[in-house]
Amino acid sequence: MEEFHSGSSSSEGSFSSEEAENTVKECIENVVGGDDYSQTQVNKWTASIVERCLTQLVKQGKPYKYIVTCAVMQKTGAGLHTANSCYWDTAMDGSCTVRWENRTMYCVVSVFAVAIA
């Protein structure tokens, strides 16, 4: 698994990318777990992962609006490239991207946290 994050990491009230990464990993594991890739399940998985992530992030009670994206791709040898860019207050806002994989699929989840003014 690989993670990329930006934003503060530990200050009270600021976005914790490490905390968000752990939340995302837990949500992916709870939804997909050890399942093999299934085209009929992908829509359900992606919807469940983003909803669980949002629910868990909001439960942390921090003053943020969140955006969560999720992509699930079968491992076939094809390339998957993603990128994002944000124009925001880097002192308070933040993001993280988690790449999770098992034997048959990749799952890439990005979280964007924007401080509520």
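Mentor: Let us settle a term before anything else: a residue counts as buried when its relative accessible area is under 20%, and as exposed when that value is over 50%. Please also keep in mind that this is a predicted model.

Trainee: Fine. Which residues of helix 2 are buried, then?

Mentor: Val42, Trp45, Thr46, Ile49, Val50, Cys53 and Leu57 are the buried ones in helix 2. Viewed down the helix axis, these buried residues fall within an arc of 120°, so they line one face of the helix.

Trainee: And what is exposed on the other side of helix 2?

Mentor: There you find Asn43, Lys44, Val58 and Lys59, which are exposed.

Trainee: What covers the buried residues of helix 2?

Mentor: The cover includes helix 1, strand 2 and strand 4.

Trainee: Switching to the strands: which ones does strand 4 pair with?

Mentor: Strand 4, residues 105-115, pairs with strand 2, residues 64-74, in the antiparallel sense over 11 bridges,. Strand 3, residues 94-101, also runs antiparallel to strand 4 and is joined to it by 8 bridges; strands 3 and 4 form a hairpin with 3 residues between them.

Trainee: Which residues stand opposite each other there?

Mentor: Cys70 stands opposite Val109 of strand 4, while Thr97 stands opposite Ser110 of strand 4.

Trainee: Is strand 4 mostly covered or mostly open?

Mentor: Mostly covered, since 8 of the 11 residues in strand 4 are buried.

Trainee: Now the largest nonpolar core: which of its residues touch the most other members?

Mentor: Among its 26 residues, those are Ile49, Cys107, Val109 and Val111. Helix 1, helix 2, strand 2, strand 3 and strand 4 each supply at least two residues of this core, and helix 2 gives the most, with 6 residues. As a general point, nonpolar side chains tend to be buried together in soluble globular proteins.

Trainee: Staying with Cys107, what does it touch?

Mentor: Leaving aside residues up to four places away in sequence, Cys107 touches Ile28, Ile49, Cys70, Ala71, Val72, Val98, Arg99 and Trp100. Of these, Ile49 is also one of the buried residues of helix 2, and Cys70 is the residue opposite Val109.

Key. Residues are numbered from 1 along each chain as its sequence is written. This is a predicted model: local features need pLDDT of at least 70, side-chain atom pairs count only at pLDDT 80 or more; totals for chains, interfaces and linings use all residues. Side-chain values use heavy atoms; hydrogens and water are left out. Buried means under 20% relative accessible area, exposed over 50%, partly exposed in between (1.4 Å probe, protein chains only). Helices (H or I, at least four residues) and strands (E, at least two) are DSSP runs, numbered from the N terminus. Two strands pair if DSSP finds at least two bridges between them. A nonpolar core is a set of buried Ala, Val, Leu, Ile, Met, Phe, Trp, Tyr and Cys residues joined through side-chain atoms within 4.5 Å. Contact means heavy atoms within 4.5 Å. The arc is that of the directions from the helix axis to the C-beta atoms.
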